[in-house]
Amino acid sequence: MEKIRVRATNRSKQTMAHTASSPHTRNDEITTRVTRGARGAAPRLTYRDHRFTDEVARATQPVWERLHGLLADVDWLLKAPIIHRIIQLKQEKRALILAHNYQLPEIAYGVADKVGDSLQLAQYAAALNEDDAPVVVMCGVHFMAETVKVLAPERTVLIPDTAAGCSLAESITGADVRLLKQHYPGTPVVSYVNTSAEVKAESDYCCTSSNAVRVVEAAAREFGSPRVLFLPDRYLAANVAQATSIEIVAWHGTCMVHERFTPELIRELRAQFPGVRVLAHPECPPEVCAEADFTGSTSGMIRDVQTSGAAKVVMVTECSMADNVAAENPGVDFVRPCVLCPHMQRITLPKVLTALETLSPQVEVDEKIVHAARRAVERMLAVSPLTPFAP
Ligand code: 13P
Ligand code: SF4
């Protein structure tokens, strides 16, 4: 397996090295250009109309203030006009943008209305009322958009790239769950939120990384069962099993990002960066979580950075998140073993813009599946306290 690359950044040095003044005044004629790959490949950027004008500079100044130090100036000059147009379209179409913590800074800070972990995004979708946005864009992966559709079926739910999947969600189908239920009659099924709506529809409860133990115990209690079927993440299942006396029967799915971390890597990081606080996501193998100082959801890790007082941190998870968290915590040094989720990375500003312009691709879920999946998600929400979004 390819070795994971590690880099360490010190935010205060990074900020000093990067000009804190806006680049607006220097290059206000730069436009996005069409570039061609070798041998006449298709153009890759087609946003020629979106120029960096004075109006763009003025309107995007607050975004620049959050993003400087995270984007190179030239990157900003290319992206600001797209951010500006997305913000205009959000108002015109009364659209709301929800983003997962793994999204790129220009999405999380540039255009999103709410950024959170899977539970927070589901809680937000469930709390939408009639007067709220009729259009929701999910900057995350497909199961997250489906969960919004399940909770708010009357809304137009858009995902900027339908190929933004998830190795866990793809590891199991509704038919697999039906077979499992035949083998374990009367045993409640708890499905991780990283599953299709079809799988949720076959499940009794849904759960996320931040409430899995609580949900497993609620399911076992409600069904009077000493065991639960826990799908599809075998590592999350093993981590849950260590925290409860309920017997866990697991599926064999894994997250293609978190399965790559090893206990040896954590030990090497501790040797190389003495005093570093190690935060792990529970999709990591249990041996990795055993080496960590804290294990929790993506938002749980962010809260830990904000409250632990640690001066040096490594987040053992998808590495885009460290950029966002570093921006909000300038006094903390981040050690970054970099593994990217190729699915999350599919969501880009130009795709968000196209989704809003065309109101597509829309996420559709069959009415019967919406009904059954919603029951599993609502059961989870009923036992999960609200977790506030980071400011
Ligand atoms: P969180 O719910 O912790 O944000 O995790 C979602 C996910 O896909 C992690 O890989
Ligand atoms: Fe799925 Fe892993 Fe990507 Fe999260 S990081 S979306 S679990 S593949």
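How many residues of the shell around ligand 1 are nonpolar, polar and charged? The shell has 1 nonpolar, 8 polar and 2 charged residues. Keep that in mind as you look around. What you have open is a predicted model.

**Stop 1: the whole chain**

Colour by secondary structure. The chain has 16 helices and 13 strands. Of its 391 residues, 48% are buried. Now think about contacts between residues at least 6 apart in sequence: 68% of them join residues at least 24 apart.

**Stop 2: ligand 1**

Select ligand 1 and show its surroundings. Start with Asn101, Asp117, Ser118 and Asn194, which are among the residues around this ligand.

**Stop 3: ligand 2**

Move to ligand 2. Here 13 residues form the surroundings. Pick out the closest: Cys166, Ser167, Cys255, Val257 and Cys341. By class, the shell of ligand 2 divides into 8 nonpolar, 3 polar and 2 charged residues.

**Stop 4: an open sheet**

Hide the side chains and find four strands in the order S7-S6-S8-S9. They form an open sheet with parallel pairing. Strand S7 (205–207) and strand S9 (247–250) stand at the edges with a single partner strand each, so each has one side without a neighbour in the sheet. Look along the sheet for the twist, which averages 30 degrees from one strand to the next.

Zoom in on S8 (residues 227–231). It runs parallel to S9, and 4 bridges join the two. For one pairing, select Val228: its bridge partner in S9 is Ile248.

**Stop 5: the nonpolar core**

In soluble globular proteins, nonpolar side chains tend to be buried together. In this model the largest nonpolar core has 121 residues. Select Leu98, Val316 and Val352, the residues with the most contacts inside that core. Helix H3 (residues 73–93) gives the most to the core, with 7 residues.

Stay on Val316. Leaving aside residues up to four places away in sequence, Val316 touches Phe261, Ile266, Val278, Leu279, Ala280, His281, Cys284, Val288 and Ala292.

**Stop 6: strands S12 and S13**

Select strand S12 (residues 312–316). S12 runs parallel to S13, with 3 bridges joining them. Lys312 stands opposite Asp333 in S13. S13 (residues 333–338) is mostly covered, with 5 of its 6 residues buried.

**Stop 7: helix H5**

Why is helix H5 (residues 118–126) described as largely enclosed? Because 8 of its 9 residues are buried, the rest of the structure encloses most of it. Highlight Ser118, Leu119, Gln120, Leu121, Ala122, Gln123, Tyr124 and Ala125, the buried residues of H5.

Now show what covers them. The cover includes strand S2 (95–100), strand S3 (114–116), helix H6 (142–151), helix H13 (298–308) and H16.

**Stop 8**

Finish at Ala133, in the loop between H5 and strand S4 (135–139). Is Ala133 buried or partly exposed? Ala133 has 18 other C-beta atoms within 10 Å, so it is partly exposed. Apart from residues up to four places away in sequence, Ala133 touches Arg94, Ala95 and Leu96. Check the last pair: Ala133 and Leu96 are 37 residues apart along the chain, with 5.9 Å between their C-alpha atoms.

Technical notes:
Residues numbered from 1 in each chain as written. Chains lettered and ligands numbered in written order. Predicted model: local features only at pLDDT ≥ 70, side-chain atom pairs only at ≥ 80, totals over all residues. Near = placed C-beta within 6 Å. Nonpolar A, V, L, I, M, F, W, Y, C, P; charged D, E, K, R; others polar. Pairing = 2+ DSSP bridges. Axes fitted to C-alpha atoms, helices over the stretch in contact; angles between N-to-C directions. Core = buried A, V, L, I, M, F, W, Y, C linked by C-beta atoms within 7 Å. Buried ≥ 20, exposed ≤ 12 C-beta atoms within 10 Å, placed from the backbone. Contact = placed C-beta atoms within 7 Å.
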